[in-house]
Amino acid sequence: MKSDKERISLLTLTGMLTALTTVATIAIRIPTATKGYINLGDTAVNISGWLIGGVYGGVAGGIGSLFADIISGCYIYAPATLVIKFLMAFCAYGVYNLCSKKFSSSFARIISVIISETIMITGYDIFTGFMYKSVYSAITALPEFAVQGIMGGAFSVVLYECIIKRIPVLKRK
């Protein structure tokens with residue numbers, strides 16, 4: 001059971017990572033043909049999962065990304081974003097924990113982002129197909145989502161392995 005101090009610390013970190021996810025998502029936006037945009041939000045989503053666990057990381061990633069969609073005027077994506085980004089952080093944490101028992105930290109994170117970014121690509125692609133009622137729209141959106149996934153995944157691993165895991169206050173698994 002966690003002490004009050006640990007719970008407050010976890011909630012504070014969750015709030016900070018929610019804000020970081022929002023800012024990372026809207027700071028650099030490259031518009032796409034599907035009326036979405038490529039951004040650095042996935043980096044914060046994956047890192048949230050790794051730092052504070054699946055549920056709290058999922059909350060930070062999901063709500064932070066939802067806020068970014070609302071602030072950016074992409075309201076239609078907000079509900080799907082909440083679910084997709086929550087699942088990304090949740091799986092990033094879970095897959096990393098499983099893989100880190102057999103592989104190095106870097107390799108475990110790479111496997112983790114492959115799974116989490118696959119969730120993002122698949123989730124948004126399915127949502128796009130339903131939103132436009134078109135398999136063609138879903139297929140043509142795949143490259144955009146793939147670029148987003150590759151960029152977010154690569155930045156997640158590099159940033160965590162080179163900088164974040166060396167910060168004593170943030171030391172996690």
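The model is predicted, so local features are reported at a pLDDT of at least 70 and side-chain atom pairs at pLDDT 80 or more, whereas totals for chains, interfaces and linings use all residues. Residues are numbered from 1 along each chain as its sequence is written, and side-chain values use heavy atoms, with hydrogens and water left out. The pLDDT is the predictor's confidence in each residue, from 0 to 100. Its average over the protein is 93, and 96% of the residues score at least 70. Confidence is lowest in strand E2 (residues 37-38), with a mean of 79, and highest in helix H4 (residues 78-99), with 98.

The protein contains six helices and two strands. Read from the N terminus, the order of the elements is α-β-β-α-α-α-α-α.

The radius of gyration, taken over C-alpha atoms, is compared here with a globule rule of 2.2 Å times the number of residues to the power 0.38. For 173 residues a compact globule would have a value near 16 Å, and the protein agrees with this because its own value is 16 Å. The C-alpha trace spans about 50 × 35 × 25 Å along the principal axes.

Accessible areas were computed by the Shrake-Rupley method with a 1.4 Å probe, and for residues only the protein chains shown count as cover. The accessible surface of the protein is about 9,100 Å², and carbon and sulfur atoms account for 76% of this surface. A residue is called buried under 20% relative accessible area, exposed over 50%, and partly exposed in between (1.4 Å probe, protein chains only). By this division, 47% of the 173 residues are buried.

A contact means heavy atoms within 4.5 Å. Of the contacts between residues at least 6 apart in sequence, 70% join residues at least 24 apart. For charge, Lys and Arg count as positive and Asp and Glu as negative, while His and the chain ends are not counted. Each charge is placed at NZ of Lys, CZ of Arg, CG of Asp or CD of Glu. There are 15 positive and 8 negative side chains, and the centres of the two sets are 7 Å apart.

Leu17 lies in helix H1 (residues 4-27). This residue counts as buried because its relative accessible area is 6%. Leaving aside residues up to four places away in sequence, Leu17 touches Ser48, Leu51, Ile52 and Ala60. Between Leu17 and Ala108, 91 residues apart in sequence, the C-alpha to C-alpha distance is 22 Å.

Tyr96 belongs to helix H4. Tyr96 is also buried, with a relative accessible area of 6%. Its C-alpha is 5.3 Å from that of Ala108, at a sequence separation of 12 residues.

Ile63 is part of helix H3 (residues 54-71). A relative accessible area of 30% makes Ile63 partly exposed. Apart from residues up to four places away in sequence, Ile63 touches Thr18, Gly58 and Leu82.

Two of the residues described are in loops. Ile28 sits in the loop between H1 and strand E1 (30-31) and is partly exposed, at 48% relative accessible area. Ile28 touches Ile38, Asn39 and Leu40, when residues up to four places away in sequence are not counted. Ile28 and Gly41 are 13 residues apart in sequence, and their C-alpha atoms are 9.2 Å apart. Lys133 occupies the loop between helix H5 (105-132) and helix H6 (135-162). Lys133 counts as exposed because its relative accessibility is 76%. Although Lys133 is not a glycine, its phi is positive, at about 50°.

Key:
Helices (H or I, at least four residues) and strands (E, at least two) are DSSP runs, numbered from the N terminus.
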